[in-house]
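Open the model in your viewer and keep the sequence beside it. This tour moves from one selection to the next.

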Amino acid sequence: MKDGTKRGDIHPGLVVKIVLKADQRSGKLTEGVVKKLLTNSHLHPHGIKVMLEDGQVGRVKEIIE
């Protein structure tokens, strides 16, 4: 399973699990479909930041497909 730290693995329409800023302490994951990528760098150790189609923003922790 890909972990979401590589920008090249993520694209709009992909189903992912992200951690929202408010949930970083608890580690609670939110599932959704990627609308757009917000991180410009090729790699990010905490996960690429994305916006989901419902408008929520967070870092990708798991790629579902």
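Select threonine 30. Threonine 30 is buried, with a relative accessible area of 12% (buried means under 20%, exposed over 50%, partly exposed in between, with a 1.4 Å probe and protein chains only). Threonine 30 sits in strand β2. Strands here are DSSP runs (E, at least two residues), numbered from the N terminus. Show the surroundings of threonine 30: Val16, Lys17, Ile18, Leu20, Asp23 and Gln56 touch it, not counting residues up to four places away in sequence. Contact means heavy atoms within 4.5 Å.

A word on the model before you go on. It is predicted, so local features need pLDDT of at least 70 and side-chain atom pairs count only at pLDDT 80 or more, while totals for chains, interfaces and linings use all residues. Residues are numbered from 1 along each chain as its sequence is written, and side-chain values use heavy atoms, with hydrogens and water left out.

**Next stop: aspartate 23**

Aspartate 23 is in the loop between β1 and β2. Is aspartate 23 buried or exposed? Aspartate 23 counts as buried, at 15% relative accessibility. Leaving aside neighbours within four places in sequence, aspartate 23 contacts Lys28 and Thr30. The side chains of aspartate 23 and lysine 28 form a salt bridge, 3.9 Å from N to O. The term means a side-chain nitrogen of Lys or Arg within 4 Å of a carboxyl oxygen of Asp or Glu. How many salt bridges does the structure hold? It holds 1.

**Switch to the cartoon**

Colour the strands. A closed barrel of 4 strands runs β1-β2-β3-β4, with antiparallel pairing. Neighbouring strands of this sheet are turned by 70° against each other on average, direction ignored. The angle is taken between axes fitted to C-alpha atoms; angles run from 0 to 180 degrees between N-to-C directions. Two strands pair if DSSP finds at least two bridges between them.

Follow the pairs:

- β1 and β4 pair in the antiparallel sense over 5 bridges. Valine 19 has arginine 59 in β4 as its bridge partner.
- β2 and β3 pair in the antiparallel sense over 3 bridges. Valine 34 has leucine 52 in β3 as its bridge partner.
- β3 and β4 pair in the antiparallel sense over 3 bridges. Lysine 49 has arginine 59 in β4 as its bridge partner.

Stay on the hairpin of β3 and β4. It has 4 residues between the strands, and glycine 55 takes a positive phi near 95° there.

**Go inside**

Select Ile10, Leu14, Val16, Ile18, Leu20, Val34, Leu37, Ile48, Val50, Leu52, Val60 and Ile63. These 12 residues make up the largest nonpolar core. Such a core is a set of buried Ala, Val, Leu, Ile, Met, Phe, Trp, Tyr and Cys residues joined through side-chain atoms within 4.5 Å. β1 (15-20), β2 (29-37), β3 (49-52) and β4 (57-63) each supply at least two residues of this core. Which strand gives the most? β1 does, with 3 residues.

Centre on valine 34. Outside four places in sequence, its contacts include Ile10, Leu14, Val16, Val50 and Leu52.

**Last stop: isoleucine 48**

Isoleucine 48 lies in the loop between β2 and β3. Isoleucine 48 is buried, with a relative accessible area of 0%. Isoleucine 48 and glycine 4 are 44 residues apart in sequence, and 6.0 Å apart in space, C-alpha to C-alpha.
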